[in-house]
Amino acid sequence: ELEESEKFYVGQPRVLLLIYALYNTLVARSEMVCYFVIILNHMISASMITLVLPILIFLWAMLSVPRPSKRFWMTAIVYTEVAIVIKYFFQFGFFPWNKHVDYTKDKPYHPPNIIGIEKKEGYVHYDLVQLLALFFHRSILKCHGLWDEDEKGDSSSSKEDTDDELSLTGDRRDSSASLKSVNLAASVESIHVHFPEQQTAIRRKSSSSISQLSHRSSFSSHRSKRGKCHGISGCKLFIIKLHCDLCCFRTLQVYVPIRQFFYNLIHPDYSAVTDVYVLMFLADTVDFIIIVFGFWAFGKHSAAADITSSLSEDQVPEAFLVMVLIQFGTMVVDRALYLKKTVMGKVIFQVILVFGIHFWMFFILPGVTERKFSQNTVAQLWYFVKCVYFGLSAYQIRCGYPTRVLGNFLTKSYNYVNLFLFQGFRLVPFLTELRAVMDWVWTDTTLSLSSWICVEDIYAHIFILKCWRESEKRYPQPRGQKKKKVVKYGMGGMIIVLLICIVWFPLLFMSLIKSVAGITNKPLDVSITITLGGYQPIFTMSAQQSQLKDLNQTGFNAFLASYRGNTAALQFLEGYGKEDITLADLEGNSNSLWTISPPSRQKMIQGLRDSSAEFTVVLSWTIQRVLREVYPYYIKAPSDSLAKPIKQLLPGMYCKWKNITVSLVKNKSSEGVREWWVLNQLGKRFTSSEESLELFIFSDKVSPPSLGFLAGYGIMGLYASVVLVIGKFVREFFSGISHSIMFEELPNVDRILKLCTDIFLVRETGELELEEDLYAKLIFLYRSPETMIKWTREKT
């Protein structure tokens with residue numbers, strides 16, 4: 001039957017087999033499904049009602065050995081059912097806070113929103129899914145006979161007073177047995193609680209039997225003392241004393257199991273040592289990246305902020321600074337605990353971090369950002385990754401720290417992946433130095449800091465050589481055979497292209513950033529002002545909106561055709577399209593009256609009539625005079641603030657400007673005489689109406705905002721900051737090779753690598769004198785070329 005069943009399942013379609021595999025994975029990790037649903041429910045609801053279970057997960061369930069007890073799962077099930085009933089009860093409209101739901105639903109500090117009893121659509125959906133997941137896990141445990149495991153242990157331990165392994169494991173799961181005896185008839189000071197020794201097996205007792213025993217002893221003590229109470233005052237004193245003893249006993253019923261739970265966690269009888277520090281570090285790194293690129297989600301009035309623009313303006317947001325420092329500080333503390341291998345410190349740090357993160361994320365952050373946690377997507381993502389960290393941290397506590405921490409986790413294998421990851425790790429600024437100093441501070445050693453760094457550098461160098469030697473063994477090169485073209489053109493060609501790109505990067509970048517990725521910066525306002533010497537301006541006019549017109553394709557082609565044969569003009573126009581040209585149509589009548597005092601007016605007229613005297617003005621003119629070659633018909637609007645006339649498009653050898661006419665208009669009325677100036681351009685292209693001006697504006701493309709900080713340095717700035725700096729590192733790679741031949745060309749580095757590993761090993765075992773001897777041997781090896789040759793020979 002088993003063979004037929006196996007054949008039946010093997011013959012099923014692959015899709016069905018995949019579904020079977022997914023279901024089996026779900027069954028095998030059903031507790032993880034419950035954890036995920038509980039955390040997801042809390043992320044969506046973000047209330048005090050849903051806050052309890054996530055904290056219990058990280059401080060009780062995930063710390064339980066070997067698995068969470070039945071008491072936890074019953075607590076989660078009952079708590080979820082009660083939460084559903086409470087939420088349902090407060091959905092009725094007669095409660096005062098349910099009458100203005102639309103006004104209060106987005107307020108983070110509204111009391112019903114904090115508690116989780118606000119009225120909303122789908123208020124219980126995630127709670128029902130959570131309850132379904134819990135019952136699913138309960139059914140899985142029942143199918144495997146693990147649901148009533150605690151009760152079986154209780155019955156067996158009550159029947160047999162033995163010190164077997166069942167009582168040992170049962171004692172760790174049920175810490176209520178640590179309460180051996182409590183004398184309720186005595187005073188509070190006389191209560192004695194006996195805790196089990198670390199290696200002593202204690203028989204477990206259920207909490208119900210303890211409570212029955214306590215009640216029985218209290219009744220018996222009460223009967224024995226009844227005859228001694230000869231008055232009402234004596235009875236009152238006895239009742240008060242008994243009440244105090246009961247309160248103290250109830251307190252101990254809560255305190256003692258918690259204390260015993262953490263005591264067994266810190267002092268386990270056995271531990272399956274593991275090392276998940278790398279995964280915890282990766283989770284913290286992901287959280288760090290989320291903070292850097294989504295810091296605006298943790299600050300006030302910064303939903304549209306950009307870290308690049310903020311830093312380019314020399315502004316450091318407070319939310320960004322606080323979050324980065326806190327995240328970096330927790331990573332340093334975690335590294336210190338890992339190096340010291342202290343489980344107690346890790347437990348304390350876990351408790352502080354769990355309560356602190358939840359209090360900050362769900363009570364402080366909504367007030368800072370002025371929006372609910374459920375509306376903050378970045379904060380939800382950060383919290384979910386932090387929950388992954390909490391789970392890994394609890395697993396590390398439950399299993400215990402490794403006895404020895406040897407080298408970098410990237411140096412466990414000798415292949416290309418580890419090689420490039422390790423070199424990338426060393427390229428991160430200050431990361432290698434910070435790690436070396438922290439390891440020296442929190443590791444017992446007799447070496448000085450400089451000697452420690454020397455050993456780390458030698459080990460890193462030897463590891464890189466070991467990876468290259470292993471790659472040479474995997475892919476050997478026969479003697480006398482020339483290099484293949486694939487290798488030469490693959491590696492050499494890539495280096496050639498890379499060097500060429502680095503050398504010509506500034507020119508290519510500045511050319512493409514505006515021509516390809518550039519954004520057309522059209523003018524919003526075009527203004528003209530003509531000022532006469534030191535007198536009042538005679539003409540002011542501006543063009544906006546409908547007066548600023550774009551050229552169509554026909555007009556643009558006609559414009560290009562008018563300059564056919566003019567090489568300079570056509571070369572200039574190559575960099576512009578029709579979308580970059582704006583035609584400004586300015587009204588010829590000045591938009592302001594000419595206000596000038598009579599003495600100044602008379603003096604100006606005398607200066608203009610005197611042909612022998614020089615009259616310096618911005619535009620030379622007389623009344624009804626033609627202003628010749630003063631009007632710049634074409635203006636270039638570059639990326640900076642200075643607009644310039646385009647000389648290539650102005651006709652003539654000497655770049656003659658256009659002519660305009662200027663006339664003074666007088667209007668006599670009952671209010672008096674009013675005067676204003678009228679200008680008219682001669683030889684307009686597209687506007688035929690009188691008393692108007694035409695102006696062509698060529699707008700240069702500007703770089704996108706995301707690349708503006710780099711394009712702002714200019715070509716010379718990019719050459720100085722990019723090409724020269726990179727060129728320095730490239731030159732170091734191609735020069736000075738002869739000085740490192742003795743340390744680079746080592747045929748076999750196994751002995752040196754073993755010597756470095758031995759230094760790490762004796763340091764972890766506490767053999768500090770031997771550490772000094774091995775370090776002296778390593779230094780002597782590098783000081784003696786002849787010894788180095790003997791040590792690095794190929795094995796024969």
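Predicted model: local features only at pLDDT ≥ 70, side-chain atom pairs only at ≥ 80, totals over all residues.
**The nonpolar patch on the surface**
- Val388 belongs to a nonpolar surface patch together with Phe36, Leu40, Ile44, Tyr126 and Phe384.
- Together, these residues have about 470 Å² of accessible area.
- Helix H3 (30-45) and helix H17 (377-399) each supply at least two residues of the patch.
- H3 gives the largest share, with three residues.

- In soluble globular proteins, nonpolar side chains tend to be buried together.
- Here, the largest nonpolar core has 68 residues, and those touching the most other members are Phe58, Trp73, Phe298, Met361, Trp382 and Tyr383.
- Helix H17 contributes the most to this core, with 11 residues.
- Domain 1 (1-144) and domain 2 (268-405) each provide at least three residues of this core.
- A second, separate core has 40 residues, among them Ala543, Leu551, Leu650 and Leu679.

**The open sheet**
- Five strands make up an open sheet with mixed pairing, in the order S4-S5-S11-S7-S8.
- Strand S4 (548-550) and strand S8 (644-645) are at the edges; each has a single partner strand, so one side of each lacks a neighbour in the sheet.
- Strand S7 (residues 634-637) pairs with S8 in the antiparallel sense, over two bridges.
- Ile635 has Pro645 in S8 as its bridge partner.

Notes
Residues numbered from 1 in each chain as written. Heavy atoms only, no water. Patch = residues over 30% accessible without salt bridge, like charges linked within 9 Å, V, L, I, M, F, W, Y side chains within 5 Å. Areas by Shrake-Rupley, 256 points an atom, 1.4 Å probe, with all protein chains shown as cover. Salt bridge = Lys/Arg side-chain N within 4 Å of Asp/Glu carboxyl O. Helix = DSSP H or I, 4+ residues; strand = E, 2+ residues; numbered from the N terminus. Pairing = 2+ DSSP bridges. Core = buried A, V, L, I, M, F, W, Y, C linked by side-chain atoms within 4.5 Å. Buried < 20%, exposed > 50% of the residue type's maximum accessible area, 1.4 Å probe, protein only. Domains from an automatic or database assignment.
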